Amino acid sequence: MRLRSRLDLLVLPAALAAIAIGTVDLARGANGHDRRDGPAPPAVIVKAARLAAAVYGVSADEMIRVSRCESVHWTDYTNERSGAKGPWQWIPSSWRAQGIPGHSPYDPYAAALATARAVSRDGGWRQWDCKPW
């Protein structure tokens, strides 16, 4: 999987820095609503999904629904059958292809950014067994 541009090399560190210093408003989605289906996901999943959605122009609500279906929002979940890891269940070979060495699919922010980038690039959720609808 290739990076779309040199900008992609800067997105992850810049996004993580924005979270750390509190310059990104993660309290609301792009439409200003705080919608959650079913039990509330952990705050870290919501924040990571909203950040990634804002960076890559995908739906935070869809990301949250897929995380629920894939891992029940468990950041440390590993599927013993497939080896998929983290809240968005990245298969190790697919994770390595994301080109973000030093980051783990168990890290909700790294996983959310990689997921949003893949969904944006591919035009949908084709890589995931769980769909947001």
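1. Start with helix 5 and what it hides: Pro108, Tyr109, Ala110, Ala111, Ala112, Leu113, Ala114, Thr115, Ala116, Arg117, Ala118 and Val119 are buried, where buried means under 20% relative accessible area with a 1.4 Å probe, protein chains only. That is twelve of 15 residues, so to speak a mostly covered helix. Bear in mind that this is a predicted model, with local features needing pLDDT of at least 70, side-chain atom pairs counted only at pLDDT 80 or more, and totals for chains, interfaces and linings using all residues. Residues are numbered from 1 along each chain as its sequence is written, and side-chain values use heavy atoms, with hydrogens and water left out.

2. Helix 5 reaches 21 Å from its first C-alpha to its last, close to the 21 Å expected at 1.5 Å a residue; the expected span is 1.5 Å times one less than the number of residues. At its start, a side-chain oxygen of Asp107 comes to within 2.9 Å of the backbone nitrogen of Tyr109. Just past the other end, Gly123 has a positive phi of about 75°.

3. Now the partner. Helix 2 (residues 43-56) packs on helix 5 (residues 108-122) at about 35°, with the axes 8 Å apart; axes are lines fitted to C-alpha atoms over the stretch in contact, and angles run from 0 to 180 degrees between N-to-C directions. On the helix 2 side, the contact (heavy atoms within 4.5 Å) includes Val44, Ile45, Ala48 and Leu51, and on the helix 5 side it includes Tyr109, Ala112, Leu113 and Ala116. The contact residues split into 14 nonpolar, one polar and two charged. This crossing of helix 2 and helix 5 is right-handed.

4. Helix 3 (residues 60-71) joins in: its buried residues pack against helix 2 and helix 5. They are Ala60, Asp61, Met63, Ile64, Val66, Ser67, Glu70 and Ser71. Helix 3 has twelve residues and spans 16 Å, close to the 16 Å expected.

5. The ends of helix 3 are worth a look too. Ser59 caps the N-terminal end, with a side-chain oxygen 3.3 Å from the backbone nitrogen of Asp61. Just after the helix, Val72 takes a positive phi of about 55°.

6. Stepping back, the protein has five helices and zero strands, these being DSSP runs (H or I, at least four residues, for helices; E, at least two, for strands). Of its 133 residues, 41% count as buried. Residues 24 or more positions apart make up 51% of the contacts with a separation of 6 or more.

How values were computed: A crossing is left-handed if the near helix is turned anticlockwise from the far one by less than a right angle, and right-handed if clockwise. Ala, Val, Leu, Ile, Met, Phe, Trp, Tyr, Cys and Pro count as nonpolar, Asp, Glu, Lys and Arg as charged, and the others, Gly among them, as polar. Buried means under 20% relative accessible area, exposed over 50%, partly exposed in between (1.4 Å probe, protein chains only). A polar contact is a pair of N or O atoms within 3.5 Å; within protein, one must be able to donate a hydrogen and the other to accept it, and residues adjacent in sequence count only if both atoms are side-chain atoms.
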